Amino acid sequence: MSDWYRDFANSGVGHTITKQLGLPRPAVLRRYEPGAPLLDGPAVIGSAGESRLRDTLTAVLKDAGVPVLSPVVADGGTDGERLGAVLLDATGVTGPADLAAAHDFLAPAVKRLGASGRVLVLADPPSDADSPAQVAARQALEGLVRSIAKELRNGGTANLLLVPAGAEASVPGPVRFFLSGRSAYVDGQVARLTAADVPGDQDDERPLAGKVAVVTGAARGIGASIARVMARDGAHVVAVDVPAAGQSLADVANEIGGTAFQLDITAPDAAERLIAHLHERHGGVDVVVHNAGITRDKLLVNMDAARWNSVMAVNLQAQLDITSALLDAEGVLRPGARVIAVSSQSGIAGNRGQTNYAASKAGVIGMVRAWAPAFAERGATINAVAPGFIVTEMTATMPFGTREIGSRINSLQQGGLPVDVAETIAWLAQPSAAGVNGQVVRVCGQSFLGA
Amino acid sequence: MAPQTRKAAIVGGNRIPFARSNSAYAQASNQDMLTATLDGLVARFGLQGQQVGEVVAGAVLKHSRDFNLTREAVLGSRLSAATPAYGVQQACGTGLEAAILVANKIALGQLESGIAGGVDTTSDAPLAVGDDLRRVLISLAGARTLQQRLKALAGIRPGQLVPEMPRNAEPRTGLSMGEHAAITATEWEIGREEQDELAARSHQNLAAAYDRGFFDDLVTPYLGLTRDESLRPDSTVEKLATLEPVFGTGGPDATMTAGNSTPLSDGASAVLVASDEWAAERGLPVLAHLVDAQTAAVDYVHGGEGLLMAPVYAVPVLLARNGLALQDFDFYEIHEAFASTVLSTMKAWEDPAFCKDRLGLDAPLGAIDRPKLNVNGSSLAAGHPFAATGGRIVATLAKTLHEAGPGKRGLISVCAAGGQGVVAVLES
């Protein structure tokens, strides 16, 4: 499923034509490959106010072998090599006046950003501020970052990490994710970290080594991609899908060295059977990805009960039932467990003809937020990932116009790939993502819908 | 040498849904189906790239090019290419015999693990040229001069060009298996209604098993088929009663119809057999153990015994060796070649004269508890790709026993062409 327009815009003649006509020029995104460097170029780190994360950020970059350059000034030379990333530690911001420093640092630095470059701003959560002025300044950063994300071209992304006091140890993993090619299609997002017990010994080439990961809906599409990425990252994947999809499920399991487990997750005894299987075969489970989902689109006024109920049963109730049973089952959900639920842009923005689907996917967001404290208590996390326009077999059957518009209305001017969703989910499963809990990470290229 | 034997464990199984002849699998070869079935088993138990001790599987209808069918299927599968394989053929008993062979090697300590299976296609069946044409072609291949070649070719006659189709008939009697079964049914006075009842229950049991997810970890869909194609969940005695008899129609009271006889089918099955230790090392379950097995054969040509009655003889030998009565089982799997075969088999075990005269027993083996028979359906509903049936039954019974809890016992009885029978005992 190639993006013909992107390929055209990146060809010699296409480059000229799209530039002269002012047409969108989607970039070929930098995506993660095992062994690839964290960034393609050096990074600069700036601060606004009395910040506290500079050493942490420097250490992350140093560990990854990324050269850190001194910040450039507005009228400085631009003959140096292109930057891989621009990091702003804005944890010292106390009022709007401090934002000037942010502008002073960012403007010249972003100008030097290379292809698929990264802008990452770290700040304190507005809700933790002492005064309205401080809240305002911290909130202002959100507008700043989201706007930079829209201004960046050539595959660049900008994201904001909110780091409450005490959550400093949670910073390195998420920083690596947002700088790396794993976050290629994650743009204009705000993620809030929490204080957590973060293991320090993660092998970044195989961060999921030794883990057992369940992926539902793994027979095809995004689910198969999640299974592949998790296996690449070292996990043993228990690939789950409905019995009718068993042939392609077996193919996926065999391709990645995992196991196939045919299960209708809406069956009354589904959770019981899944737990018994995990207990018997693996002694427990480390990662559960609730990916299985169906659509039964109709306008609300034409929607029958069967369409409504089947979507709710697969997309929401099964996630609730299985998660609940895993929490109740003695010793099955291992310490440090990760549950990642697949939501959707439709669950955030709503979508015509998808009242059932959007309701179920919004429900998923409510679910992870509600369960986050209980998961934190056992050193585990639960998060949601909300894909935007992802190019799959399903989108390939959409009418041309709908598909083209759907894929372009985001800051990266292209549809994402299943692997982009998979990378984000695999990141949330990593030990170093222990400080990300109850979050909804959109993988949408900063879609204009529900933004 | 192993100082003593051990019981081989049935770890699990896999099969593809069984298709009706010339239907969903019409274009699939035996090798295709067996390979897909092995791959489904590999996926279920995470055996990618692993070497199991041996893969033993056979086919009844085989192309000559498939002389190394099982090994070729292994090479095409995700198993390690260092996995040895061989084929066996004992007609409809092939699959069960393969399981017994693997289990016996495990029992002796010669293997730690193995896969037993079988496959058959009645669609992609081998056609052969007739003997006359074959002789001409062979002498043509051996001819060295033009003159010799022309002479050989001159031996060809139009009538020789009709290929020989494989037939479901006994070479020594010329009768089809159904005709043989009809003779036995008449002999044992098996009625139409009881046959239809057995057939209807087979469909209902199989459908219920599918509905409750029983086959979720026993079957992997193939070529768009997700359930056995012959399965009629809404089958009833009333509907079956409307069918015309197809076998034994020469006599006055023909009872055997397409509804109470197994259809020609395509499919494959495989069972993972191992030592307890091998399973435990991999975190794999032990559903049941294969306790013992027995074969028998009858002289159906001159001896006055029914073609499919050999299991009747095998079972008492097996029971005696294990100190068991026929009633000491929680489940019975009697292969439904024909409903009348199952009923004749049970009737023979209940018959004092037969048990005394033919089986040499002081007392009849007695009746079996019918609700314990073929509880998750059998061949009438699932279909019967000859060599694949044994693997289907072993895996189904092993899971049935496992679900019922430890210490449960099951009896398998499979009749086979050529007047043979293979029977076995499994225990959870």
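How many residues does the contact take from chain A and from chain B? I found that 18 residues come from chain A and 18 residues from chain B, where two residues are in contact if their C-beta atoms, placed from the backbone, lie within 7 Å.

Before going further I noted that this is a predicted model, in which local features need pLDDT of at least 70, side-chain atom pairs count only at pLDDT 80 or more, and totals for chains, interfaces and linings use all residues. Residues are numbered from 1 along each chain as its sequence is written, while chains are lettered from A and ligands numbered from 1 in the order in which they are written.

**Confidence.** I looked up pLDDT, the predictor's confidence in each residue, from 0 to 100; its mean for chain B is 93, and 99% of the residues of chain B reach 70 or more. For the complex the predictor gives an ipTM of 0.90 and a pTM of 0.92.

**Chain A facing chain B.** On the side of chain A that touches chain B, the elements giving two or more residues are α8 (246-256), β9 (259-262) and α9 (270-282) of chain A; helices here are DSSP runs of H or I with at least four residues, strands are runs of E with at least two, and both are numbered from the N terminus. The largest share of this side, five residues, comes from α8(A). By class I noted seven nonpolar, eight polar and three charged residues on the side of chain A that touches chain B, with Ala, Val, Leu, Ile, Met, Phe, Trp, Tyr, Cys and Pro counted as nonpolar, Asp, Glu, Lys and Arg as charged, and the others, Gly among them, as polar.

**Domains of chain A.** An automatic or database domain assignment supplies the bounds, and chain A is divided into domain 1 (1-30), domain 2 (31-192) and domain 3 (212-443). The C-alpha centres of domain 1 and domain 3 of chain A lie 32 Å apart, and six residues of domain 1 of chain A are in contact with seven residues of domain 3 of chain A. The side of domain 1 that touches domain 3 in chain A has four nonpolar, no polar and two charged residues.

**Helix α2 of chain A.** After α2(A) comes A:Gly22, whose phi is positive, near 70°.
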